[in-house]
Amino acid sequence: MSYDLVVIGAGPGGYVCAIRAAQLGLKVAVVEKRKTLGGTCLNIGCIPSKALLYASEMFEEANHGMAPLGVVVAAPTLDHAALMKHKDDTVAANVNGVAYLFKKNKVDSLTGEGSIRSPGKVVVKGEDGNEKLLETKAIVIATGSDVAKLPGVEIDETTVVSSTGALSLPKVPRKLIVVGAGVIGLELGSVWRRLGAEVTVVEFLDRILPGMDGEVAKQFQRLLEKQGFAFHLGHKVTGVEKAGEGVRATIEPAAGGEAKVLDADVVLVAIGRRPYTHNLGLEAQGVAMDRGMIAVDQHFATNVPGIYAIGDVVRGPMLAHKAEDEGVALAEILAGQAGHVNYDVIPGVVYTSPEIASVGKTEEELKAAGVAYKIGKFPFTANGRARAMRHTDGFVKILADAATDRVLGAHIVGFGAGEMIHEVCVLMEFGGSAEDLARTCHAHPTMSEAVKEAAMAVDKRAIHV
Ligand code: FAD
Ligand code: NAI
């Protein structure tokens, strides 16, 4: 079989690249070793985690959030099987959706492990061991990432789990230890805490959510503690052993000191993800690597002509929308157009309650770069809609260039933050200023008025604080 483009990996990077390339008239095949399409994100990542986050948030609302509104319901009970069915049905609808889109766009889908025999030749090895050779003008590697392992700790996906096991626990653990206060730890920790688990987080650094704005992380930690999370910051796990039905973790201060022992039913290891580059034939082809990632230029080209890479397997944030945008840009480049990704405007959202959303520079980054900036902040306690919904936790923070007023970053802790952030993304994409945002009429009463007021606060003219 001969193609213009063969994509290895059908995650958000690979499947979106394939569809866009087919739209532009290229003959495209996608090779995926998993039985279903959609990659980590649709099968064991973004989508199932959000299904559980939503359901568990409803459970917590019914438990604690509704009575103060005058809606009195009996204490909810959990139908664990129905919860898992909701998650599995959501995944199935999404992965089948990708299969439908492949058919609609005439993208050939092959199941098997892909590897590069030589530039222009991809071998697909099926489960039965049979091999098929595909000839192609271009190869896109979109093989994503895999769980980072904690040395000496074996993940069995029953008592010591990665995110994958944590999405399918057979019952709510009484006690859950989460190793790593990053996005996965706090999202999946939230799911099981809302459903009744006692959650203790062990984090190596002295803060949660490294990389996010420090003030946001601090306030968010306080909110999580109010919800019942316990944190051991500045600690590392030095060992995990089975103890009866459960597990025992030994932790030590990162700087050295006395060890402590924590017992739990389940330990979730969430200390990051690593690019997945095994068995692709990269070494034999001489594809250059950069700290475990595939090295690419700004057009996603590796050092070997005809071989490209996108998504979690290359530099940049490991996010589905970043992978998708790279997929679109690369397809357009391969079709002779001018595809481009603006890495300065990639939002990041943590889907907890409240949500955290961020785009552009943090205060710490601006300080480190020596950029003079102005800050505008507005708390949701002063927003009418937030009060009406009893969602007053959090604030909006806008960072603007001190000289030009151009918006350089925005950070939101609050209900619906993940939706609100996008007006700032559009503003930043157009190089807009805090004044542009402040002078844009926002509907009343909406949570988004807090974004406008934060922009007004940059110039010390917020009305409602
Ligand atoms: P992947 O989605 O990892 O897809 C790669 C595919 O390649 C896989 O299907 C794999 O089977 C296949 N593959 C690998 N090697 C081969 C081979 N040799 N031959 C054939 N196929 C191969 N991101 C967000 O933006 N928002 C979220 O809410 C979010 N939530 C997440 C929650 C969890 C629990 C996890 C684990 C991740 C989450 N992410 C989220 C991250 C997101 O899933 C990744 O950034 C995204 O999936 C990366 O896309 P990708 O296309 O690069 O790779
Ligand atoms: P992460 O990088 O977000 O967080 C890992 C945390 O573990 C860090 O705080 C780190 O300091 C800590 N850590 C590392 N080693 C440790 C050790 N030995 N002991 C204790 N703590 C240790 O990684 P995470 O949460 O595993 O997520 C992986 C990727 O998946 C992220 O890069 C993220 O982009 C993506 N993701 C995105 C989501 C979203 O966009 N909502 C949701 C879930 C995942």
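How many nonpolar, polar and charged residues does the shell around ligand 1 have? Before I answer, please keep in mind that what we are looking at is a predicted model. By class, that shell has 15 nonpolar, 16 polar and 5 charged residues.

Let me stay with ligand 1 for a moment. There are 36 residues around ligand 1, and those that come nearest are Gly9, Gly11, Gly39, Gly144 and Gly311. As for the elements that give two or more residues to this shell, they are the helices and strands labelled α1 (12-23), β2 (28-32), α2 (39-44), α3 (46-65), β4 (113-118) and α9 (320-334).

The UniProt record, an unreviewed entry, carries the annotation "domain: FAD/NAD(P)-binding" over residues 3-327.

Turning to ligand 2, we find 27 residues around it, of which Gly180, Gly182, Ile184, Phe204 and Ile271 come nearest. Two or more residues each are given to this shell by α6 (183-194), β10 (198-203), β12 (235-243) and β20 (348-350), and it is α6 that gives the most, with 4 residues. By class, the shell around ligand 2 has 18 nonpolar, 5 polar and 4 charged residues.

On the α3 side the contact is made by Ser49, Leu52, Leu53, Ser56, Glu57, Phe59 and Glu60, and on the α6 side by Glu187, Leu188, Ser190, Val191 and Arg194. Sorted by class, the contact of α3 with α6 has 5 nonpolar, 3 polar and 4 charged residues.

Finally, I would like to come back to β12, which belongs to an open sheet of 3 strands in the order β12-β13-β14, with antiparallel pairing. Why is one side of β12 and of β14 (260-264) left without a neighbour in the sheet? Both stand at the edges, each with a single partner strand, and therefore one side of each has no neighbour there. Neighbouring strands of this sheet are turned by 25° against each other on average, direction ignored. Strand β13 (residues 246-253) pairs with β14 in the antiparallel sense over 5 bridges, and within that pairing Ala249 has Leu262 of β14 as its bridge partner.

Conventions. Residues numbered from 1 in each chain as written. Chains lettered and ligands numbered in written order. Predicted model: local features only at pLDDT ≥ 70, side-chain atom pairs only at ≥ 80, totals over all residues. Near = placed C-beta within 6 Å. Nonpolar A, V, L, I, M, F, W, Y, C, P; charged D, E, K, R; others polar. UniProt positions renumbered as here; feature names shortened; annotations may be inferred. Pairing = 2+ DSSP bridges. Axes fitted to C-alpha atoms, helices over the stretch in contact; angles between N-to-C directions. Contact = placed C-beta atoms within 7 Å.
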